[in-house]
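Welcome! Take a moment to look over the model below, and then we can walk through a few parts of it together.

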Amino acid sequence: MALRLTRVADPALAGFDDIIDVRSPAEYAEDHLPGAINLPVLNDAERAQVGTIYKRVSPFDARKLGGALVAANAARHIAGPLSDRGGGWRGLIYCWRGGQRSGSFTTILSQIGWRVDRIEGGYKSWRALVVDRVQNRPVPAPVIVLDGNTGSAKTAILARLAARGWQVIDLEGLANHRGSLFGGRADPQPGQKLFEGRLAVALEGLDPARPVVVEAESSRIGNLVLPKSMWQALCAAPRLRLEVPVGARAAYTAARYGDMVDDPTRVEAIVAALSPLHPAQRIEGWRAAVAAGDWRGLAEGLLRDHYDPRYLKHRLRYAAGERAVVALDDLDDLDAAAGHVEAALARLAP
């Protein structure tokens with residue numbers, strides 16, 4: 001049986017014990033359905049080998065080799081990752097287009113006696129739903145943007161708002177990046193397609209009757225581009241701005257970027273990359289702060305002389321959308337800060 005998906009987070013997906021992506025590991029790593037496990041019926045090298053034979057020898061020879069490899073890999077999966085599945089287990093299988101790879105694995109599993117379906121059109125059909133959701137369709141709930149200069153604890157406050165029951169989309173969390181020049185994490189960012197899939201699922205989960213709070217971002221988060229519908233919503237949304245003294249933001253930033261502190265060479269390289277944008281004396285001062293381990297001093301200098309002037313230019317583009325300002329003397333008590341933001345949001349919420 002082939003399952004036709006109508007939504008990115010189609011309720012029908014919840015009816016299966018496992019969603020199995022039988023594509024190669026490289027295809028799976030680029031993007032996959034949320035929660036899917038990878039049981040490839042052809043690994044990357046085997047897929048390339050079969051494709052080469054298909055083009056250079058004949059489709060028949062390619063299918064013959066492919067069939068043997070699929071059968072061998074299916075046997076390994078049945079004896080390995082699927083060995084503890086009982087008779088009542090239900091699996092949903094997909095490949096690239098919903099064709100031979102998923103069809104072959106579905107047939108083998110069905111012969112065992114398991115109830116197994118496959119996705120009609122495979123991964124490509126799901127990806128088309130994702131693209132439509134994030135590029136062509138508006139954000140389904142009223143958006144409020146949480147704005148504020150770098151280091152204002154916007155992400156941490158968003159997390160506390162979510163715990164208080166507000167709808168929140170954490171774009172930096174989905175992108176695995178803190179959104180600034182120093183925002184990279186130890187784990188790499190997802191690919192663009194994987195990021196868009198995560199965002200599409202988050203959008204589909206929104207209650208249209210309630211506002212959703214999103215942190216102010218540029219059109220890129222690290223190496224990832226915000227899809228069109230999300231970017232348009234951020235540009236048009238009303239804004240609530242956090243106003244926090246630079247010293248308080250510097251203290252918070254120095255404490256938050258512990259992974260950067262552990263790798264001074266990485267910080268030095270980023271500071272060096274800023275050389276074309278700042279006077280030599282300022283760059284040398286920042287380098288001296290790195291050498292001395294003066295992370296708070298470095299953070300304050302970067303915030304005051306690099307981030308704040310640039311953020312001001314960005315914010316002035318959307319000044320007409322600013323609806324409220326929440327002034328915070330410090331960021332020592334983020335729960336209290338979130339309470340002040342929540343009170344302001346309650347007055348803004350439609």
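Which residues are exposed on the other side of helix 2? They are Ala45, Lys55 and Arg56, where exposed means over 50% relative accessible area and buried under 20%, with partly exposed in between (1.4 Å probe, protein chains only). This is a predicted model, in which local features need pLDDT of at least 70 and side-chain atom pairs count only at pLDDT 80 or more, while totals for chains, interfaces and linings use all residues. Residues are numbered from 1 along each chain as its sequence is written, and side-chain values use heavy atoms, leaving out hydrogens and water.

Helices (H or I, at least four residues) and strands (E, at least two) are DSSP runs, numbered from the N terminus. In helix 2, the buried residues are Glu46, Val50 and Ile53. Seen down the helix axis, these buried residues fall within an arc of 65° (taken from the directions from the axis to the C-beta atoms), so they line one face of helix 2. They pack against helix 3 (59-79), with contact meaning heavy atoms within 4.5 Å.

Now for Asp117, which is found in strand 5. At 8% relative accessibility, Asp117 counts as buried. Its contacts beyond four places in sequence include Met1, Phe16 and Thr106.

| From | To | Distance |
|---|---|---|
| Asp117 side chain | Arg90 side chain | 3.1 Å |
| Asn43 side-chain oxygen | Ala45 backbone nitrogen | within 3.1 Å |

The Asn43 pair sits at the start of helix 2.

Definitions and conventions. Polar contact = N/O pair within 3.5 Å; in protein donor to acceptor, adjacent residues only side chain to side chain.
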